[in-house]
Amino acid sequence: MEPITGSSSFWFLGLVILLALSLGTARCQLQLTTEVVDAADVNDYCMGFIYNTGTDNIQGWVVPPQCEKVVERYMTEGEYQRDVAATCLAAHDYFSSLRPGPTDTVVFDIDETLISNVPYQIGLHWGVNKFDPVSWKEWTAQANAAAIPQVLALYNELKDAGWNLLLLTGRAEDERNDTMANLLRAGYVSWFDLILKSEAEEGLLAVDYKSRRREEFEKKGYTVRGCVGDQWSDLRGKAAGDHAFKLPNPMYYIA
Ligand SMILES: [Mg+2]
């Protein structure tokens, strides 16, 4: 066997570098699939998933089973609360830079916006399991969802500053009493109006239903200046104002 000379060691080193680069590429491709192989990959993949739910880069998603624990940690170990606080601070800065007139309105969604359904979501394995309308009605009938504290503070600030606060929810009209009871219990003591989905609107996508209701509201002479919600369907569409504030929600998606 020939000893490794200067020039052959150069080529050997090149070969090693090429091999390392190709392995790196394979690993990168692996992380873009759901075939994650170890805890670090799971965490990277799932944090990427959470980011992409927030930006609406992926539609119609459900939480991948391997991400259940990562979503749980995101929701319960401080990161969600920090992201909510950052959104509320941005909304506070924006709306306090405006002087609301008597018709100026901010639209708030309810679930995962004013109040948190985390105890219900735990039963759905943080969104891994499909939404179940029967258990959802049982949960809302308890009227026991807690306020998201940073949003409650923002809400009260805007109310005190003279904004009309319109609540626009995808909850059904027959949940009105329970929803009002829950809001009052959570600390939301008043609102300008509360709009729920009528039976005739059941088949509509949230984005169309909310657009239509905001348009009707504006036809009465009011102006929507901005919306706050956890779904892009709360924020897109017609009569949505000049600024949208998107709260995090990596647990479920509503079109
Ligand atoms: Mg919501």
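The model is predicted, so local features need pLDDT of at least 70, side-chain atom pairs count only at pLDDT 80 or more, and totals for chains, interfaces and linings use all residues. Residues are numbered from 1 along each chain as its sequence is written.

Select the protein chain, coloured by pLDDT (the predictor's confidence in each residue, from 0 to 100): the mean is 90, and 85% of the residues reach 70 or more. Now select residues 1-5, where pLDDT is below 50 and the model has two contacts beyond near neighbours in sequence, a contact being two residues whose C-beta atoms, placed from the backbone, lie within 7 Å. Residues 21-32 come next, with pLDDT under 50 and five contacts beyond four places in sequence. Where pLDDT is low, the predicted coordinates should not be read in detail.

Switching to a cartoon shows 10 helices and seven strands, which are DSSP runs (helices H or I, at least four residues; strands E, at least two) numbered from the N terminus.

Select helix H7, residues 149-160, whose 12 residues reach 17 Å from first C-alpha to last, close to the 16 Å expected at 1.5 Å a residue, the expected span being 1.5 Å times one less than the number of residues. Within H7, show Gln150, Val151, Leu154, Tyr155 and Leu158, which are buried (20 or more other C-beta atoms within 10 Å of the residue's own, with C-beta atoms placed from the backbone). These residues lie on the same side of H7 because they cover an arc of only 135° around the axis, taken from the directions from the helix axis to the C-beta atoms.

Conventions:
A residue is buried if 20 or more other C-beta atoms lie within 10 Å of its own, exposed if 12 or fewer, and partly exposed in between; C-beta atoms are placed from the backbone.
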